[in-house]
Each structure stands twice: as C-alpha cells, then as structure tokens.
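Take a look at the chain below. We will walk through it a few residues at a time.

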Amino acid sequence: MPRPPDPTARAAELRALLRYHDHRYHVLDAPEVSDARYDALKRELIDLEAAHPQLVTPDSPTQRVGAAPATQFAPVTHRQPMFSLDNAMSEDELDAWVARVERALGRPATGFACEPKIDGLAVSLTYEQGRLVLGATRGDGAVGEDITANLRTVGAIPLALLGDDLPEVMEVRGEVYMPLAAFEELNRAQAEAGERLFVNPRNAAAGAVRQKDPAITAARRLSIWVYQIGFQQGGPSFMSHGESLAWLREAGFPVNPWSRHGDDPAAVLAHVAHAEAARHDLGYQTDGVVVKVDSLAEQRELGFTARSPRWAIAYKYPPEEETTRLLAIEVNVGRTGAVTPYAVLEPVFVGGATITNATLHNQDEVARKDLRVGDTVVIRRAGEVIPEVVGPVPSRRTGAEQVWRMPENCPFCGSPIARKPGEAVARCTGGFACPSRLREYLAHFAGRGGMDIEGLGYKTIDMLLRAGLIADPADLFSLTKEHLISRERWAEVSVGNLLAAIDAARDRPLARLLTALGIPLVGSTVARLLARRFPRLDALLAAAEEDLSAIEGIGPEIARSVRAWAEDPDNRRLVAKLESAGVRLSDHPEEGVDRAVLAGVTLVITGTLAGFSREQAQAAVEDRGGKVAGSVSKKTTAVVLGESPGSKAEKARELGVALLDEAAFIRLLAEGPGFLPGTGSGGP
Ligand code: JCF
C-alpha cells in the first residue's frame, strides 16, 4: 500500500499544480484540466491547509479571498508616477506624433511597439522577491489606493512569479477589465435581483475593484492585461519594451497577444487597422491602440512632458454610431423641478454598451434636431461619453412620425409646466408636492456633497415616499422609530442606524447645508465661499446682491440666483422648518476659524501628509482665505512637503520658494505667514 504523502510536500505540490493550471487558464487561455479536476485539487489543498494551518503560505492559491472587508482604502504613493497617455484622435495626429518623436531624437525611431488599449482600470502591482505585496489603483497618478486584498482575488494576477532571475522589487502596471461575457452575466443577475444595471464593463470593473469586501470582487470575474514595468530593483535588464513584455509573459503575467512590433509608421498603421477590424471579437473592450517607441534607450532620450511620456501615444478609435428607432420622448423632473426630455430608444448596442435611453437636454434641442417620435435616429457614443442622439434620418420617414411637444402638465404630479422667458429649461411648478422632484431633491440633500446622510439612498427614499412619511426634506428630521420599524426589511438595527445618521446631519457645517439646499449655481465650492463670508444662513439669505457679488469668486449671476432662491416663499418655509427641526443654520465659532489668516497666501502641497488628506489640507487653507495651487511658480508663497514629495520640491528649490514640513504647515494654519522668511513686516 502506498504511504500517504508527507503533507508539507503534498501542499507544495498542490500549490504548484494550481498555479500551473491558473496560468494555463488565465494567461495562456489553454486549460489542460476540467473545472471539476481543478476544483478537486483546490479542495484537497484547502482541506490539507485546514488540517495543518502551519502549511498555509500567503501566496497559496487558497489565499486569494482572505482579507476582511476594508473600511477604507489606504493611500499609496507610487514609486514612479503613473502617467496617462496623450491621445491621437486620427491617423494625422498619429503621424504628427511620429514626426515629433523623430524631431526630438534627431532621427527616426528604430521601431514601435503596438498593443490594444484596454478600456479598464489602470493598476499597479508590486512584487518583492517574486511575491505580490501591493496592488494599487492609479488614483491621480501620484497617489492611488491600496486595493491589494481585492486584486488578490483576480485569478489572472499571479500571487507568485515564475522563473529564477526575479527582481528584488518590481512594480508592474496593467489594465484590470471585466470580460464582456462576465459583464453580461453580471447585468443579467442584477436585473433579476431588481438591482441597477452597470452601464458598461469599465464601470462594472471599477466598482468591483473598489468593493469593501474582497469576496464581492472575487465574484465579479475580473481579468488583467499587463503592459508595463514601472519601478524595478534587481533582476533582468531590458533593451526594448517588447523584451520586457516577453519577460513578463514568462514570469506568468497575462500580456496581450495582440501586442506587435512595427518597424516603421506604415507597419504601425497596418496593425492599427488590423486591431480595429478585430476589436469586437476580442471578448473585452478596447478603445484604441497604444503605440510606444520600442527601444528603452530612445524612450529615455525622449522622456516625459508634465503629463505624459513623449515616447507613447494612445490612438483612439473614432466614435461609433448606430441607428435605431426613437420609440418615445418622455420627461424627467429633477431636483430643481427642471423638466428634461429624454429619448426612449429601441435597444441598440453601440460603443460597447446597450443603449435604451439618451437625454435630449431640453425642448429647444428636440426642435433644433427636428426629432419626431417614430424616427430612425443616429446614436453616437465616443468612449466614456454618454450616448448622444445625433439626429434623425429623414430619408427613413414614413409620414407617421409625430412632432413632440413639451407636455403642459407634469406627468408626475399634474401641476402646470412653466418656462420663464429667456430660459432654456421648463420647470414643474408643483414644488415638493411633485413626487419626482421631491425624490431627486432628497437624494441630493442627503447625498455626499450635501448633508451626507448615510444609508439614505434612492431605495430608502422610495420607501419613505411610498409610505407617505415625508412631504418635504425637513420631514426627514421628524421621523421616529415608530414610523419605520417593521416596514419591509427594516428592523431595530437598520432603523437605529438611519435615525442616528439623520440626527448627525443636524450638525453639518453651513457650507454643506447650503450645498444640500440645491440653490441653482451653488455647488460645494461656491457654498464654502458664501459660508466663509456669511457664517449664518439668515444673514446670507438677507444679503443684497451687491454684498454677495462682492465676495471673491462670486459673480452677479450666482448672486442673483441666491437672491431669487431666498425670496421664494417655498424656500423660506423650508428654512424655517429645518430650523424648528433642530438643524443648525450657522457655523460654530471653532468652524469660524480666522478666515483671513492666510489671505494672499498661495501654497502648493506635494507628497502625503500624515494628518490631512489632500482635500482636508486644501479645505484648511481655503477656510483661512488662502489658495492651493497645482504647480509651483514665483507667486507661490510656500511648498508644503509631505512624505515622498514629487518634482515640485525641486522646482521650489530652483525658484527659492520656502519649503515647509507638516509641523510648519500646522503652524502656518494657526498663525499665518508672519514667521516665514521674506514675508515678515519690513522684510524684503
Ligand atoms: O491598455 C491601456 N489602457 C494602456 C494604458 C496600455 C498601455 O500600454 C499604457 C497605458 C498607460 C500608460 N502604457 C502607459 C505607459
């Protein structure tokens, strides 16, 4: 009888087998075993590790979904910035790029690397000694988010690299995407569950990698194509981009098989045409071809602009158009009462997504395009852009098409729809009595930039409206446990959470309340300017137009809009009701920091601060009357240096601009710039 194998050896063997089959399946697209056989191997390893927990290694294929749900993602400063690419929107622009490269090099590039541009999400994967230690989003290119736990669930991402000459550290970049088949299945499941559909695979993938719970990411069946080595320490060195891709493939990464070398621009164009013709048969979305100068020596010679490498360009496919039928024109009523027509279309697949609706913006737009119900219409989608109805195809008209008119009454509440002379938008006059307007208003009021009431999304709003519990936003604050308990899916805990979240919203800073109120033209930036000058709502609403437009950053149009809002009796009633519901209508003195202490000061912040997020640091400066700029110039008062600062620090040194560490920044917030060299009274 054969002896049972030593568990340590068998675990190692199983891990090797699973890794081998993962690679065959995800990277080579050539599985050798059935799913059942693969599952049996995995089961055996899981059981073995359960019996001998000391055998579990972090890179074991059983450890992909391991981490507990994240509450938030930690920031990650990229060791090398993750640049985005310049676009070429036509062959002429591609030619122009080739010419720029030739001019910069003083000779033609020796060759090009072409690869499909994947419409997904750029991520960075860091391997130390061949083990995956960090996975991050691109973020703003300098700082991304740590999504390691989620990326570990992506089967195509190797947890351990193959080969001997592995670098000590290697950062690899790629595009995570959702294959079309997975996307369609996901949306089918969403539809069955009565959940919202994802608009396209890119959005679905973006949502999946930012899940708090890695188990959800795992269920979304993402994949990756790897396209670039970033930071590297030790290991092989490469002469060309193509060589580095070949090495990545050997190490176990999925590298797109459509990657090709082109000797000259003609070969590049031929490949672009070839890839474009095949783009809809790939099983995933591409939106162009990335062309890179292949030689790494030439890449180094070319270098970077402020935004992107000079040695690469993204050639984008032209927008895609389809025709379909305009079945009807219906209207939405938004949070300001604006009535917006939209096209109801016979579903059509264009630009990688099925389109059923498209906004028509306003009445005049429908007339200008001469759209008639029943028309055959051209639909265009360009990349990320929302679908657009380009216009009718008049030659396809039968004569049965109907000219559309704005309805006289709101389809949601029956109130008259009115349009002020000189305005493009028509509005429902029903106020909060209009259920559509109230619903949208509440969603905005409770939303992120506004009162930020956690858990109060459309689902809950719909429940509250259906139950007749709220007739205006202030009614939220008089909800009680008795109102909510034992409604479908509402139990003790969920009710308690919602009421606590609503209660917490009574105490928001004035700027948030102002944003939440939905005054036309008042977004969070304008709201902050208004609240800084008028820390009390009553004073703000009583202020004359001239006083408002005297605030820096507020023009006459915004001033007029605030005045008009303040004079509307419905709005006055709402404010009074919010006040009696205990909502705070003024800023606390501690929120009323010295709002002029940084007047005239312009700061640039670079690197990561320990005690502030970027937004917090910027808000702290702006709350004190200062400005935060994106780049260093002679006008910069000082540059604040966080952890791992970028090139802005060097620029500051060059220009002789003061550099502040975090402690000095905190002092600056408290005291103003008096202590800085060159800004003291009487200083040069
Ligand atoms: O597929 C892509 N979206 C893609 C993006 C491919 C590349 O080769 C890229 C990229 C972004 C930056 N290369 C760089 C350098």
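Which residues form a negative surface patch? Four residues do: Glu-91, Asp-92, Glu-93 and Asp-95. Keep in mind that this is a predicted model.

Stay with Asp-95 for a moment. Asp-95 sits in helix α3, which covers residues 91-105. Its relative accessible area is 38%. Patch members need over 30%, so Asp-95, at 38%, passes that cut-off. Asp-95 counts as partly exposed.

Now move along the chain to Cys-434. This residue lies in the loop between β20 (426-428) and α12 (435-445). Is Cys-434 buried or exposed? Its relative accessibility is 0%. Buried means under 20%, so Cys-434 is buried. What does Cys-434 touch, leaving aside neighbours within four places in sequence? Its contacts are Val-333, Cys-410, Phe-412, Cys-413 and Cys-428. Leu-222 lies 212 residues from Cys-434 along the chain. The C-alpha atoms of these two residues are 42 Å apart.

Next, turn to the backbone. Most residues other than glycine have a negative phi. Asp-452 belongs to the loop between α12 and α13 (458-466). With a relative accessible area of 34%, Asp-452 is partly exposed.

Look for Arg-489 in the loop between α14 (481-484) and α15 (492-504). Its relative accessible area is 70%. Exposed means over 50%, so Arg-489 counts as exposed.

How values were computed: Residues are numbered from 1 along each chain as its sequence is written. This is a predicted model: local features need pLDDT of at least 70, side-chain atom pairs count only at pLDDT 80 or more; totals for chains, interfaces and linings use all residues. Side-chain values use heavy atoms; hydrogens and water are left out. Patches are made of residues with over 30% relative accessible area and no salt bridge: like charges are joined within 9 Å, nonpolar side chains (Val, Leu, Ile, Met, Phe, Trp, Tyr) within 5 Å. Accessible areas come from the Shrake-Rupley method with a 1.4 Å probe; for residues, only the protein chains shown count as cover. A salt bridge is a side-chain nitrogen of Lys or Arg within 4 Å of a carboxyl oxygen of Asp or Glu. Lys and Arg count as positive and Asp and Glu as negative; His and the chain ends are not counted. The place of a charge is taken as NZ of Lys, CZ of Arg, CG of Asp or CD of Glu. Helices (H or I, at least four residues) and strands (E, at least two) are DSSP runs, numbered from the N terminus. Buried means under 20% relative accessible area, exposed over 50%, partly exposed in between (1.4 Å probe, protein chains only). Contact means heavy atoms within 4.5 Å.
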